Amino acid sequence: MTTSPKPSDSAYHGDSNLAELLAAACAGKSVADVRALIAGVLAAPEGYDPESWMAMVVAEPSDLLRSELAALKDTIAATLDDGRNAGPPAPAWRLCALRREMAARGIDGFIVPRADEYQGEYVPACSDRLLWLTGFGGSAGVAVVLADKASIFIDGRYTLQVEDQVRTEDWERRHLFNDPPSGWIAENLGKRKLGYDPWLHTVPGLTKLNAAVEKAGGTLVPCETNPLDAVWSNQPVPPLSAMQVHPLEYAGQAAQDKIDAVTAGLAEEGADAVVISDPASIAWLLNVRGGDIPCTPLSLSFATVESSGAVTLFTDRRKVTAEVHAWLPECVTVQPREALPGTIETISAEGRTIRIDGETGASWFANRIEASGGSVTVAEDPCALPKACKNTTEIAGTRAAHIRDGVALTRFLAWLDHANREGRNEEVDEISAAAKLAEFRAEVDGYRGGSFDTISGFGPNGAVVHYHVSEWTNRSFEPGSLYLVDSGGQYPDGTTDVTRTIAIGEPDDDQRAHFTAVLKGHIAMATARLPKESSGAALDYLARAQVWQLGADFDHGTGHGVGSYLSVHEGPQRVSKTSNVALKPGMIVSNEPGYYRTDAWGIRIENLVVIEEDPGETERPMLQMSTITKAPIDRRLIDTSAMTESEIAWLDAYHADVCDTLTPLLDAKTASWLAAATRPLQDGM
């Protein structure tokens with residue numbers, strides 16, 4: 001099953017009854033059309049409005065039609081089986097079937113990345129090929145299948161998971177970075193043919209893959225269609241959700257103005273057109289949102305923008321409701337996905353220069369452009385930087401969203417503190433804690449769902465950086481350890497991401513020492529001033545320095561960009577050792593240093609900050625950070641003797657702001673708890 005919708009209250013009354021209701025509504029659709037549409041709806045996640053998809057049938061369905069559509073959706077959902085839940089591990093016949101298909105196509109190997117044609121963080125069910133083939137359900141991985149052997153490559157997060165989910169007799173296990181596919185291919189392919197799907201590899205990625213194949217003496221072969229799709233008989237259809245208008249009260253800039261800026265950039269660089277391959281960039285450019293994938297409000301699509309100002313949106317036309325059609329600028333033409341090859345050929349003719357994105361642009365685009373006589377320029381998505389630099393409306397919106405989100409998180413922290421006090425009989429574990437937090441967020445005005453799957457890790461599980469709780473890893477809370485919860489919400493005016501580490505019971509001196517070091521690094525970034533055009537690498541150093549003093553480090557970046565009702569992980573900016581993108585006013589980045597003791601506990605403190613121009617009088621233009629997250633930091637874990645006066649002053653001021661801002665929005669019991677949780681450090685623990 002691809003989704004778990006809530007059942008309707010009534011049974012389906014048959015196709016004849018639905019046909020009559022569709023005719024009465026002048027829907028212009030047959031029952032077969034509606035059934036096909038529902039298959040796509042069920043391939044998308046259940047949205048915050050479970051009936052929003054009905055606008056793709058008719059703009060304003062009657063109550064009778066709504067009831068019948070909901071009942072038909074339930075009927076179809078009850079019979080769906082896309083095969084992804086057959087494991088883990090996946091049945092052995094699937095690997096055998098893929099090898100037979102490879103042989104029939106004259107290739108000796110095939111590479112299966114966990115990726116779709118958009119190179120997104122979340123892949124829809126129809127693109128979850130790695131799961132279907134192997135049973136592995138992690139968020140990152142690659143499989144390479146040869147006629148005589150096969151290997152799956154995963155990172156350190158999934159070392160234990162892959163053992164449980166993948167058949168040991170069929171698959172070798174390799175580390176994605178320490179022992180990457182390129183090396184394995186170079187050693188094992190020989191003078192054979194390795195097939196790949198050009199929709200699933202970027203141009204830079206394909207260059208590395210080709211180098212490995214050449215080193216082996218083999219040949220890299222593009223497949224016109226994916227051989228795995230040929231043997232996945234019950235593969236789900238692409239997801240289908242109604243595209244939504246993202247109004248100016250949240251967007252702050254008209255779509256036409258954004259399009260004009262992109263076309264001006266094309267003219268300046270001498271390019272004739274650009275392919276927009278990131279659905280988040282299309283959402284930003286056209287001021288639309290969607291619901292095709294979990295946690296990120298995107299409508300999966302491609303677009304081309306020509307130097308003339310013409311924009312073509314390639315998507316399933318059923319997604320584009322009458323409201324969205326009226327919203328889109330006149331220069332935008334909506335075409336089905338099937339029209340994309342022909343359009344690429346047309347705009348590439350006569351040696352025209354077409355720009356594609358190196359991060360998300362499939363190598364298929366480069367192949368088709370060059371085959372059509374065009375010239376390819378691989379460069380950054382022209383929407384990436386302006387999307388990252390939020391306008392004043394977006395910044396005001398995200399500040400408002402963080403206040404509302406802070407209310408939910410504070411209610412959760414108060415509940416957790418009361419539930420874990422000595423003498424209480426309330427049992428709390430990682431799953432129940434995450435569910436309670438989701439319950440509080442669901443009560444927030446404008447909540448549209450989580451911005452990612454909550455990381456809810458107690459004790460040793462908190463030391464796994466991207467831990468995902470499951471029934472077989474779930475831990476109950478016990479005194480003497482730490483609980484790490486990293487979570488976020490999607491709201492029409494902003495996207496949140498916040499991590500807090502909480503002492504369960506009385507913390508020991510070692511836990512306090514490491515928490516305080518992380519906090520000092522967090523404060524160093526929060527209070528930093530740095531010259532304009534500095535990259536995130538400078539901030540990363542500031543945040544790590546205190547952890548380094550303890551002879552430790554953390555194996556993740558200190559921060560990532562965050563979108564405006566878009567992806568919680570947004571580029572091009574980031575705060576890491578290797579970051580080389582200049583930070584600019586309006587960018588939102590996370591401030592999340594950490595420390596992780598394997599098999600014991602983990603610590604991370606995360607707020608979001610807005611990059612601002614420093615208003616002070618300085619010799620050169622400077623930048624500063626403005627923290628927008630509103631939630632208390634656990635005072636019980638702080639060793640005040642290791643804090644400087646300025647660090648204590650910052651935390652006291654932050655807590656005073658949190659208390660002043662949130663108290664009017666809280667019930668009396670939670671407000672009282674918050675007052676105690678945010679009192680000045682000099683008042684003791």
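A disulfide is taken here as a pair of cysteine sulfur atoms within 2.5 Å. I applied this cut-off to a predicted model and found zero disulfides in the structure.

**Entry: cysteines.** I looked up where the closest partner of Cys 96 lies. Its sulfur is 19 Å from the closest cysteine sulfur, that of Cys 223, so the pair is too far apart for a bond. Cys 96 is partly exposed, with a relative accessible area of 41%. I then turned to Cys 126, for which the closest cysteine sulfur belongs to Cys 295; at 17 Å, this too is too far for a bond. Cys 126 counts as buried because its relative accessibility is 11%, and buried means under 20%.

**Entry: backbone.** I noted that most residues other than glycine have a negative phi, and that most peptide bonds are trans. Cys 295 sits in the loop between strand E9 (288-289) and strand E10 (302-306). Tyr 565 also has a positive phi, near 50°. I located Tyr 565 in the loop between strand E21 (559-561) and E22, and I list Tyr 565 as buried because its relative accessibility is 8%. Within strand E22 (residues 570-575) I found Pro 572, which is joined to Gly 571 by a cis peptide bond with omega of about 5°.

**Entry: Arg 84.** I placed Arg 84 in the loop between helix H3 (63-77) and helix H4 (92-105). Is Arg 84 buried or exposed? Arg 84 counts as buried, at 15% relative accessibility. I also recorded a polar contact of 3.3 Å between the side chains of Arg 84 and Asp 128.

Terms used. Residues are numbered from 1 along each chain as its sequence is written. This is a predicted model: local features need pLDDT of at least 70, side-chain atom pairs count only at pLDDT 80 or more; totals for chains, interfaces and linings use all residues. Side-chain values use heavy atoms; hydrogens and water are left out. Helices (H or I, at least four residues) and strands (E, at least two) are DSSP runs, numbered from the N terminus. Buried means under 20% relative accessible area, exposed over 50%, partly exposed in between (1.4 Å probe, protein chains only). A polar contact is a pair of N or O atoms within 3.5 Å; within protein, one must be able to donate a hydrogen and the other to accept it, and residues adjacent in sequence count only if both atoms are side-chain atoms.
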